[in-house]
Amino acid sequence: MPPVPCYLTENKLIPRLSPEEEFPDLSQHNNHMAKVLTQDMYTKLRDRATPNGFTIDGVIQTGIDNPGHPFIMTVGCVAGDEETYEVFKELLDPIIEDRHGGYKPTDKHKTDLNADNLKGGDDLDPNYVISSRVRTGRSIRGFCLPPHCSRGERRGVEKMSVEALDSLSGDLKGKYYALKNMTDAEQQQLIDDHFLFDKPVSPLLLASGMARDWPDGRGIWHNDTKTFLVWVNEEDHLRVISMQKGGNMKEVFNRFCTGLTKIETLFKDKGTSFMWNEHLGYVLTCPSNLGTGLRAGVHVKIPNMSKHAKFEEVLKRLRLQKRGTGGVDTAAVGGTFDISNADRLGFSEVELVQMVVDGVKLLVEMEKKLEKGQSIDDLMPAQK
Amino acid sequence: MPFGNTHNNFKLNFKVEEEYPDLTKHNNHMAKVLTKDMYAKLRDKQTPSGFTLDDVIQTGVDNPGHPFIMTVGCVAGDEESYEIFKDLLDPIISDRHSGYKPTDKHKTDLNFENLKGGDDLDPNYVLSSRVRTGRSIKGYTLPPHNSRGERRAVEKLSVEALNTLDGEFKGKYYPLNKMTDAEQEQLIADHFLFDKPVSPLLLGAGMARDWPDARGIWHNDAKSFLVWVNEEDHLRVISMEKGGNMKEVFRRFCVGLKRIEETFKKHNHGFMWNEHLGYVLTCPSNLGTGLRGGVHVKLPKLSTHPKFEEILTRLRLQKRGTGGVDTASVGGVFDISNADRLGSSEVAQVQMVVDGVKLMVEMEKKLEKGEAIDGMIPAQK
């Protein structure tokens with residue numbers, strides 16, 4: 001890919017002192033950005049801006065303002081537009097490598113949204129697996145991303161997205177609820193369905209400017225059966241979610257792939273496309289979501305397994321990640337965990353969902369063994 | 001801000017209708033004034049340091065209203081904001097500061113001897129007295145917009161100036177990012193420590209960026225004179241003590257402020273000031289004197305009297321909870337302070353507090369005895 005033209009905009013007018021005087025104090029910090037950003041790197045990158053005016057300070061502000069997190073190793077930086085990943089590659093490539101299992105600047109990413117390629121996944125035990133969900137994000141080419149977009153851009157994304165979604169039919173037929181026009185009754189229903197996303201309170205998101213102008217340009221679209229859901233202008237332009245109660249991940253993934261492919265076709269008909277390239281796959285706001293942007297997971301009851309001394313080790317080998325049932329920065333409640341794929345980049349969608357399906361099946365078997373007081377040593381998996 | 005919001009020229013590719021904020025649910029000074037036409041006129045402008053209209057108004061867009069106070073809904077990013085965006089800010093200033101006109105002149109009077117009385121507020125009612133103001137250092141952009149380097153330079157200059165103070169003002173600086181646990185606990189116990197802003201009013205304006213870098217607290221050994229560095233303004237200067245001797249609090253305030261200003265002038269850094277707006281600060285509500293002189297006073301009976309608000313209005317006073325600007329009062333104890341900042345001098349504003357609080361305490365005592373206060377209702381100041 002040819003170097004993206006970058007130019008010094010009015011940035012030269014923004015009062016700045018020497019690079020040494022401007023370099024952030026990262027001595028108390030523990031996130032990916034803080035591990036990588038040196039004085040020399042900052043000195044080099046601070047004179048650049050993307051064509052839309054996004055600068056290094058915009059990239060790293062969230063990582064400066066959020067030194068670390070008790071449960072997760074945060075990324076500490078965001079993209080303001082598609083070009084960020086090129087203009088600031090000296091910073092972002094090492095972060096991507098560290099975060100995505102050694103992914104190199106020369107590596108190619110594979111996209112596979114053919115649900116038929118998934119083996120099994122329709123028989124996770126519903127006594128343990130309470131719900132199944134697959135989500136991803138998509139960015140619309142030509143618009144800046146949530147940390148940097150203007151109101152006009154955000155509204156443009158909303159308008160285009162709603163037009164595309166309104167043309168879906170069959171079991172995907174649905175309706176858009178703009179956050180700022182929502183009636184109390186609609187709001188209550190969406191809360192009861194666990195669909196409503198609220199104004200971000202996470203300081204990780206707030207510090208990068210993603211909550212500006214809330215709730216303008218934000219909304220939720222869902223199909224009539226409430227199994228396919230799209231968030232507009234939350235952390236990414238679009239978040240696409242397929243979900244249902246129980247353990248039939250195959251069906252969830254089928255619907256996910258069908259819906260996503262239809263939406264992508266509709267955008268192409270409008271003369272736009274999703275941000276994608278053969279190195280980074282789908283381009284999203286947070287570098288942790290590059291590649292597939294896919295998080296497939298279940299809420300699963302594993303009170304015994306989660307207290308086992310080897311729980312973390314098992315998850316690691318299965319390439320899975322645990323979260324509390326409230327989402328990315330919450331704690332687990334009552335032995336019920338959100339278990340999902342840890343990877344995003346360097347594996348296809350089908351491969352990642354396969355890991356979840358196989359891994360959760362194994363975790364449930366282990367839970368059953370532990371319930372009976374049996375050992376799980378012979379079930380320990382190899383590193384995937 | 002140094003980042004945030006698409007580059008201003010890029011935004012101009014979108015029509016005014018597409019970029020103009022939705023202010024239909026809003027109730028703040030900015031929302032009352034900013035029409036689409038005004039937005040169209042101002043949106044391609046920026047100050048020399050790159051502060052734009054969207055930067056000015058972002059906090060007001062993100063904070064539609066507040067249950068206790070009519071918020072301003074905009075901030076300055078630098079001294080020039082008040083000039084470049086005067087079409088927006090002049091009407092807001094006029095509305096907020098009782099009709100202050102673009103041609104009016106503001107009077108500065110920091111001569112504490114001009115205050116009459118103020119040394120005898122009843123300490124059975126007046127728990128504490130405090131005077132604060134802000135100062136901005138010329139040549140640097142303001143907290144919504146400044147870079148780390150600028151903020152650090154403001155800190156360095158301020159600490160150098162403060163370290164030259166002696167006598168009753170001799171003190172020490174505690175930078176937030178180097179504070180020991182013991183120091184932190186002591187500052188909390190003294191009610192000196194300011195924490196990272198949580199108010200969405202401040203967060204929406206970008207003032208908490210890079211916290212706690214280059215923020216700190218300086219106070220004198222006697223703990224009666226305190227300076228906050230790089231919180232909502234470059235400097236916040238505070239004089240305080242327990243009890244009702246506002247005269248002494250104001251004396252120390254004026255003397256200390258003068259000393260600080262002299263030291264800054266010696267280093268060729270004056271404070272932002274002009275004869276129209278007085279002292280220039282981040283929030284348009286603090287222009288003029290930037291002064292809030294107030295007491296924590298027990299008024300459980302008067303505060304529940306139907307005429308309480310009317311009395312405050314006539315006395316040109318304002319009530320707050322004892323936790324500060326956007327808190328509720330607890331147990332009948334109120335923070336009572338001057339409502340005005342611009343168009344009257346420091347002495348005049350503290351005089352209003354002194355006279356007004358004296359009257360309210362008398363009213364409280366009457367109400368305690370079950371007597372009426374109708375004969376004491378003051379005229380509009």
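## Salt bridges, cores and the A–B interface

Asp213(A) and Arg151(A) form a salt bridge whose closest N and O atoms are 2.9 Å apart; the term means a side-chain nitrogen of Lys or Arg within 4 Å of a carboxyl oxygen of Asp or Glu. This is a predicted model, in which local features need pLDDT of at least 70 and side-chain atom pairs count only at pLDDT 80 or more, while totals for chains, interfaces and linings use all residues. Residues are numbered from 1 along each chain as its sequence is written, chains are lettered from A and ligands numbered from 1 in the order in which they are written, and side-chain values use heavy atoms, with hydrogens and water left out.

Let's stay with that pair for a moment. Asp213(A) sits in the loop between helix 9 (203–206) and strand 3 (219–223) of chain A, and Arg151(A) in helix 7 (residues 151–166) of chain A, so the bridge ties together parts that are 62 residues apart in sequence. Helices (H or I, at least four residues) and strands (E, at least two) are DSSP runs, numbered from the N terminus. Both Asp213(A) and Arg151(A) are buried, where buried means under 20% relative accessible area, exposed over 50% and partly exposed in between (1.4 Å probe, protein chains only). The two also belong to a network of salt bridges that links Arg151(A), Arg154(A), Asp213(A), Lys11(B) and Asp54(B).

Over all chains, the structure holds 56 salt bridges. Here are some further examples.

| Pair | N to O distance |
|---|---|
| Arg319(A) and Asp343(A) | 2.6 Å |
| Arg251(B) and Glu248(B) | 3.1 Å |
| Lys180(A) and Asp22(B) | 2.8 Å |

Asp343(A) counts as buried, at 11% relative accessibility. In chain B, Arg251(B) and Glu248(B) share helix 11 (residues 246–266), 3 residues apart, about one turn of the helix. Glu248(B) is partly exposed, with a relative accessible area of 26%.

The largest nonpolar core has 62 residues, of which Val230(A), Met249(A), Phe253(A), Met305(A), Ile339(A) and Leu363(A) touch the most other members. Such a core is a set of buried Ala, Val, Leu, Ile, Met, Phe, Trp, Tyr and Cys residues joined through side-chain atoms within 4.5 Å. Helix 13 of chain A gives the most to this core, with 12 residues. Apart from this core lies another, of 58 residues, including Leu110(B), Ala153(B), Val255(B) and Val297(B).

Between the chains, the contact (heavy atoms within 4.5 Å) takes 41 residues from chain A and 40 residues from chain B. Together the two chains bury about 3,100 Å², 44% of it on carbon and sulfur atoms; this is the accessible area (1.4 Å probe) that two parts lose on being put together, summed over both. The count between chain A and chain B is 3 salt bridges. On the side of chain A that touches chain B, the elements that give two or more residues are helix 1 (19–22), helix 4 (56–65) and helix 7 of chain A. Helix 4 of chain A gives the most to that side, with 6 residues.

Finally, Trp276(A) lies in strand 6 (residues 276–277) of chain A and counts as partly exposed at 34% relative accessibility. Leaving aside neighbours within four places in sequence, Trp276(A) is in contact with Glu82(A), Thr111(A), Arg141(A), Gly281(A) and Tyr282(A).
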